Amino acid sequence: MFRTVLTSLLAVLVLCGSAFAAEKTLIAAANPTWPPMEFLDENKNIIGYDRDIIAAIAEEIGMKSEFRNIAWDGIFASLESGQANVIASCVTITDKRKKAYVFSDPYYEVHQAVVVAKDSAIKKPEDLKGKKVGVQIGTTAIEALRKMNVDIDLRTYDEVGLVFEDMRNGRLDVVVCDDPVARYYSRKEGYKDLMKVAFLTEDVEYIGFVFSKDNAELAAQVNKGLKAIRENGKEKAIRNKWLGE
């Protein structure tokens, strides 16, 4: 009996050791359609603020980093399927999401931005009444619009880039999205002469990295790395690079 118990214990230790050895890379799921937070360069590589923050954190805690391109509608499932061990895709920390996942400490704060045509008179939520408003499906922009309690013609899209494309072509009156994304498009060539940020919502949203419930230890490690890059100035340099802050 003792030998059987000892053998079983050794097997468990071996499996745990293998799992620990495998957890040497931050495999991050991202939906790279959300510039400047995450998007694709001309070679289809994921770049952006989240990419650089994860790489800097990984370096601080002695890990490697790898990004995987995952569609937004499957990004949370990527944790359960083992495709990724962290989501780094500008995910807002909400009470509903915290019931299902573990979040890191917040690494960025956003407001929802209301983007309109350059010559638009829209300046406040009430002005949205009856307007065609585009958002990316599954984002907190939808909840922000519900809170405004204004009767609008809401249109949802798979990617925020498609929303801005329809705005540019006159098929929408308004786009609502995270403010860094709004600033990116309102300054981008081909868009900046056509649109502007009309106003920001008052509510602040906190952005965090997402982990499965059984991976709280990795979340704690990431928090240590996040604290370190804040103290050594790396986070500030990355913010300046991508966000001009």
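## The largest pocket

A pocket is here an open set of grid points, on a 1 Å grid over the protein atoms alone, with protein on both sides within 12 Å along at least five of seven lines. In this predicted model, the largest pocket has a volume of about 590 Å³. Its lining comprises 23 residues, and those that lie nearest the centre of the pocket are Thr94, Thr140, Glu143, Ala144 and Glu205.

Two or more lining residues are given by each of helix H4 (95–100), helix H5 (141–148) and strand E14 (205–211). The largest share comes from H5, which supplies four residues to the lining of the largest pocket. Sorted by class, the lining of this pocket holds nine nonpolar residues, together with seven polar and seven charged ones.

## The crossing of H6 and H7

Two packed helices are described by the angle between their axes and the distance between the axes. For helix H6 (residues 160–168) and helix H7 (residues 179–187), the axes come within 12 Å and cross at roughly 45°. Angles from 65 to 115 degrees would count as roughly perpendicular and those under 35 degrees as roughly parallel, and H6 and H7 are therefore oblique to each other. The crossing of these two helices, H6 and H7, is right-handed.

## Residues in the helix contact

On the H6 side, the contact involves Val160, Gly161 and Phe164, which meet Val181, Ala182 and Tyr185 in H7. By class, the residues of this contact of H6 with H7 comprise five nonpolar and one polar, with no charged residue among them.

Terms used. Residues are numbered from 1 along each chain as its sequence is written. This is a predicted model: local features need pLDDT of at least 70, side-chain atom pairs count only at pLDDT 80 or more; totals for chains, interfaces and linings use all residues. Side-chain values use heavy atoms; hydrogens and water are left out. On a 1 Å grid over the protein atoms alone, a cavity is a set of points where a 1.4 Å probe fits but cannot get out, and a pocket is an open set with protein on both sides within 12 Å along at least five of seven lines; lining residues have an atom within 4 Å of a point. Grid points are joined across faces, edges and corners, and a volume is the space filled by probe spheres set on the points. Ala, Val, Leu, Ile, Met, Phe, Trp, Tyr, Cys and Pro count as nonpolar, Asp, Glu, Lys and Arg as charged, and the others, Gly among them, as polar. Axes are lines fitted to C-alpha atoms, for helices over the stretch in contact, and angles run from 0 to 180 degrees between N-to-C directions. Angles under 35 degrees count as roughly parallel, over 145 as roughly antiparallel, 65 to 115 as roughly perpendicular and the rest as oblique. A crossing is left-handed if the near helix is turned anticlockwise from the far one by less than a right angle, and right-handed if clockwise. Contact means heavy atoms within 4.5 Å.
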